[in-house]
Every structure is written in structure tokens, then in C-alpha cells.
Amino acid sequence: MNDMGNGNFGSYDPQRQMEGEQPQSRGNSLRDRIRRSADNEEAERRGQSRSGYVHQPQAEAQPEAVQPAPAQPEPQQPVEKQVQPKAEAAPAAAPAPAQGNPGVAPPRPSQSAAKPAPQPVAKDEAEDLQPSENATQPIGVVLEIAGSGSMIAIDLQRLSECGDDEDPAIAMAGQVGSQIKIRVGNSWLLASVRNQRQDRKAGSILANIDFLGEGIEEKLTGKLHGFRRGVTRYPVPGAMVYPASTADLKQVYASDGRSAVTIGKVYPTKDIRAGVYVDAMLGKHFALLGSTGTGKSTSAALILHRICEAAPEGHIVMIDPHGEYSAAFRQTGVILDVSNLQMPYWIMNFEEHCEVLLTSNGNERQVDSDILAKCLLKARSKSRLAEHMGKITVDSPIPYLLSDLSNEIQDQMGKLDKATNSAPYMRIKNKLEELKADPRYQFMFSGMLVADTMSDFISKVFRMPSNGKPISIIDVSGVPSDITSTVVAVLSRLVFDFAIWGREEKTTPILLVCEEAHRYVPNEKNADGNSVGTILGRIAKEGRKYGISLGLITQRPSDLAEGVLSQCGTIISMRLNNDRDQDFVRAAMPEGARGFLDAIPALRNRECIICGEGVAIPIRVSFDNLEEVKRPASEDPSFIEMWNQPGGEEDIVLRTVQRWRSQG
């Protein structure tokens, strides 16, 4: 058969043969199918009918499918110059390939560069759009649509071409965790690549994507602007997939006018600053997660420093169980520990009194609690303050003397008509005498703390007024372990009760940050019945109604109470090595962050995934370096360096033993 009569004769491209490319059948090349889909998209934008797209790799070329439209090449040329402004974005960008012959593959960058292009945009705009060579060329097509995501096919050759681009965002196009965009009408739909797999039949890559949001397409340059979360209009199968450039991502991550603080750089870009919306992050709580050694403490200090710089008159209370953060906030905060905390014992409610004073279990504990409730109420009633208040309860924060409580227990024990023997009374009295005599408990059970100092204590802890030091670090590392949970419970409850009883006042919001949160809000398996888990769980559920923000920092999110992590509107996840922790975080994160979740085990130190209310879309962030004086004392020691510095060990041991003994 004579080739001159074959409709495919005109599809031979000598230049492609000179460059070493193997000729392909038109039906087998995804690159050609992308080109045909682009033709359909352009035809639809001109008001012409589209031919459709079917992802069906064919074994042989179909002659009838490759016949060029006889009358299209001539009228299309002048129209293209009007409907393809995106090709005019930069001097290096070329016009879109000719639409008249769908059998011709799209031009390579070397071909496009040789064609002149008009330059209607300003010079600074053109420089900002420098990577438009690859940004204006599609890399794949949409195959399947679902409510939260879809499937796309990506051309391998286009992927390699984008990989050499100077723009890191375009170089990452199509890879897991990268962003791509799809044109839907006059808008760009932004999506994140979740996973990839090879399509052996078509010689392409199939990828699932998650939709993130949409923005308006700028008519002159094709740029994305006015980005907002959520999707109002979905694409159809066959729509073109384009790489998202750095210029696009700048519009996505740009502040929309809300108060924001910057904490690092957006991966993989070089100059886009990563910011979090403070009001949205704090208004609906946040959680910072990460395995030990990933830089979690330093990252927490960085975030808190940024918040303090943005709001020097704020009110932040941080529970520090290891004494790490004292070094980081000596200049910008107040450090409170057992030496200067001076927490009055009478500020505890009845449940917290029971945790400290009762040692029995089962039925005996119920008997002991009834005795303690009766004696505690009478001791509070003897206060002068109670005489002017009328009716009080066992939970009322009324000052009372420990001696009054002890005497009341003694009096009740001496009565002949008591319902039980003397053993419950002796248990409570002996425990009370032990607390009064033990020097470790003097920060709380000192006889000097009987004065009515509740207002001063709240002002000191909550930083009201802050006087330029908006954060108070509560170092509980020196608190005896048996009452550490009770101390944290008291501080947390004070925050909550202060917000509730201050509803009629114009109270300012308070941020409560809890390090090692899994110790205080454990799951049902590890629950020990302490009141701290109850109050922190209540703050997580109801705190935002009263202006309380909760920040949870933990290395074991799977040990947190069920539902507490799901109450955090913003999740900042660093590397997690444990599979259970990864699954727990994956269940708590929104659907659109799936592609980022897979990168959690592969994150480097001081890198994180942020998703939720505090950011426009889920992002991967490389944290800024923090100044030495602002870092917490949490760095791992160098064993070799420390072991090669002999001398002075005897004095170190003596001083350590002295401090050890002085604390009981």
C-alpha cells in the first residue's frame, strides 16, 4: 500500500527523529493523548465541541482515530493568539503547540524557545514568572473524579523535563507530596499528590490526588490568585494537569489579612515563608507531635517565641515537667518552680484534696472521702472570709488552717456516735501530718500560705498584667512525683474556672501549653483516675467557648486520651517512628492531608507537616534556626566529648548528693 494514501503519513516529525526519539503510535503515547486532551480543552474554551478522552491503551494505532480535522488548521491560528495568554507570561515561554494537527507531539523546550513570543507583561512580572516554560505545559490528565480526590495519569517524559527546572516547586511536580493544579472554568483547582504507581500498559504513572482548594486564574498571565480552601466545582475526566509553580504557591501561602507568624520555609521552595494563623491555631487548640530527638522542644520554643513577639501582652501558661524551657524564656517570661511558686493548699477543690490526703482504695476510700468532706467543710467555715460570704461548699477556694482541719478530724474521731472505727480518721490525720513535716511539700503545704493570696497567685501565674513577659514557665520537675498530677490539675482547673467565672468581664484569652501531654491526658488503657485528665479533657472540648486555648506537646500521641487529639484544630507533626503513633495521627488529620501523612516517617529533624485551621492548606515546613539563648536545655549530650573531659568528678558527686539530701 502506498504511504501517500495513509492519513498517518503527515505525522512523521524529522526533528524528533534527529533528536533520537523513537516514533510511537499515536494511540499508545500518553504524551499524545495529553496533547489531544489539550486540544479538546482549547476547543471547549472556544465554544467548539470536544471529542472526549478515554484512558484505554490500544495495542495498535487506529487509522480512523488519527485523521486530522480537515478544516481546523487555517481558522485556529489567529484565535490561538487570543485565547492563550499564558504563553505570553515570560520571554522564555513559547506559545502553545499548534492545535490543528493532533497527531504531532507537543514541542520540546528547545523547540519552544526558538519561537518568538509577545511580552505584554511588565518586566518584574516576567521575572517572577521565569519558570513558565514548564509551568504552562501540562504534565498529565485527569482520569477519575471522587469527592475528596481523584486519579491522574502523568507523562514520564514531562516529569523528567520538569525535574530539571530551576523552580524547585516545578521540579517536584508530580512527586508524592507535591502540588499540582487543574483548570476548571476560570479557576485553578489545587491538589496534592498522595501516591504513585506505574501504569505498564500505557507507559505512564498513575497517581491519586487530594483536592486542597481553588483560586482564580489571572487572565493575562494564567497565574493563580485569591486562593481559598475547599472545592466548589470539580474537574471532569480528561482535564489537563499542570505543575504548581513557586509563584502559584506564593499566592496560596500568602497571608489573607489574618494575624500570622512565620516559623520556617515551605518545602521544597527556597524563599516562601511558612506562616500559621495565630487566631485560628489558638482558637481551636493545637498539638505538636514528634518522636524524641526530632527537635520537638526547640520547635515548641520557636512557636511560642514567635507568638510572644507578636503579642507581648499575651497570657501563656506552660507546664514544663523536665525543666527544659527555663533557659529558653528567662528574658521573655517568668520562671516558677518549687522555690518561688508558693501555691496555696486551700486553692484545691475537694477531688484534689482526696488525691493528696487519701491513701486507701475500694470501699475504704469512700468512707475516708465522706469523713474528709465533712471535716474540710467545717475547717473552711471557720475562716473570717467565709463568715461574710454566707453559704459555701467544700469546693469553695476559702483559706483555712491546716491545724483547724487536723483538730476537726481529731474531734470527729473522739465522738462515740461515729459510724466507723478510728482507722479512717487516723489514716487522714497521719497523711496530713506527713505533708506538713516533709520539706518537699513546703511549696504548697507551708503554714505561711494561709493568707488570702488567690488574686496575687492568679495574676502571677496568668501574667495579668504581663509587663512585657507574656509567658510563665511552671517547672514541676522538682515537685514530688506523687502530687505532680495534682499540681498540674490545680493549675489547669484555675485556668478553666477563671474563664468561666469571668464570663461577665472582658477577660483576655489564656493559652495553656502542656508538655508530655500523654502523662496527664492518658487513654483508657493507661488512665489512673487523676483529676488532671478530666480537667484537660474538658478544656479540650469546651475551652474555646470561654477563651481558653490548649496546646498539647507529646512524643506518644497514641497514648493520649481518645478524642482529645481530634479536638485539636491544628496538628503539627514531626517525624514519628512508631507505627501506632502514625496510625493515630493519620486518623486525626483531615482527608486532604493524606499525601503529607505518608511523609511523616521520612521527615528530617526540625521538619514537620502542618495541617488544619492554622494554615491555608497542609504544608511541609522546615523550621527556622533558633538563637542559642532562646533554645531549651534539651539537646542530647555528646558522650565522647563529655567522657574525654576528666577532672572535678569528686566535687560534682558531693554537690549532687547535697542537693539530693536537701530536697528530702
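I began with helix α9, where the buried residues are Thr246, Ala247, Asp248, Leu249, Val252 and Tyr253. Buried means under 20% relative accessible area, exposed over 50% and partly exposed in between, with a 1.4 Å probe and protein chains only. These are six of the eight residues of α9 (residues 246-253), so the helix is largely enclosed by the rest of the structure. Helices (H or I, at least four residues) and strands (E, at least two) are DSSP runs, numbered from the N terminus.

**Basis.** I am working on a predicted model, in which local features need pLDDT of at least 70 and side-chain atom pairs count only at pLDDT 80 or more, while totals for chains, interfaces and linings use all residues. Residues are numbered from 1 along each chain as its sequence is written, and side-chain values use heavy atoms, with hydrogens and water left out.

**Chain totals.** I noted 24 helices and 18 strands in the chain. Of the 664 residues, 52% are buried. I then took the contacts (heavy atoms within 4.5 Å). Among those in the chain with a separation of 6 or more, 71% are between residues 24 or more positions apart.

**α12 and α13.** I looked up how α12 (residues 350-357) lies against α13 (residues 362-381): the axes come within 10 Å and cross at roughly 120°. That makes α12 oblique to α13. Axes are lines fitted to C-alpha atoms, for helices over the stretch in contact, and angles run from 0 to 180 degrees between N-to-C directions. Angles under 35 degrees count as roughly parallel, over 145 as roughly antiparallel, 65 to 115 as roughly perpendicular and the rest as oblique. The crossing of α12 and α13 is right-handed. A crossing is left-handed if the near helix is turned anticlockwise from the far one by less than a right angle, and right-handed if clockwise. From α12, Phe350, His353, Cys354, Glu355 and Leu357 meet Arg365, Ser369, Leu372, Ala373, Leu376 and Arg380 of α13. I sorted the residues of this contact of α12 with α13 into six nonpolar, two polar and three charged. For the classes, Ala, Val, Leu, Ile, Met, Phe, Trp, Tyr, Cys and Pro count as nonpolar, Asp, Glu, Lys and Arg as charged, and the others, Gly among them, as polar.

**α12 and α18.** I found α12 packed against α18 at about 170°, with the axes 10 Å apart. The two helices are therefore roughly antiparallel to each other. Their crossing is left-handed. Glu352, Glu355 and Val356 of α12 meet Ile483, Thr486, Ala489, Val490 and Arg493 of α18. The contact of α12 with α18 has four nonpolar, one polar and three charged residues.

**α18 and α20.** Here I read an angle of about 35° and axes 8 Å apart. The crossing of α18 and α20 is left-handed. By class, their contact has eight nonpolar, three polar and three charged residues.

**Aromatic pairs.** The structure holds six aromatic pairs. Rings of Phe, Tyr and Trp (its six-membered ring) pair if their centres lie within 6.5 Å; planes under 30 degrees apart count as stacked, over 60 as edge-to-face and the rest as tilted. I looked at Tyr345 and Phe445, which are stacked at 6.1 Å centre to centre with 10° between the planes. Tyr345 is in the loop between β12 (333-336) and α12, and Phe445 in the loop between α16 (423-437) and α17 (454-462), 100 residues apart. Tyr345 is buried at 2% relative accessibility, and Phe445 is buried at 4%. Tyr345, Tyr400 and Phe445 form one aromatic cluster.

I also looked at Phe496 and Tyr546, an edge-to-face pair at 5.8 Å centre to centre and 85° between the planes. Phe496 lies in α18 (residues 481-501) and Tyr546 in the loop between α20 (531-542) and β15 (548-554), so the pair ties together parts 50 residues apart in sequence. Phe496 is buried at 0% relative accessibility, whereas Tyr546 is partly exposed at 26%.

**Backbone.** I noted a cis peptide bond between Tyr267 and Pro268, with omega about 5°. Another joins Met464 and Pro465, with omega about -5°. His285 has a positive phi of about 70° although it is not a glycine; His285 is buried, with a relative accessible area of 1%. Asn467, also not a glycine, has a positive phi of about 55°. Asn467 lies in the loop between α17 and β13 and is exposed, with a relative accessible area of 61%.
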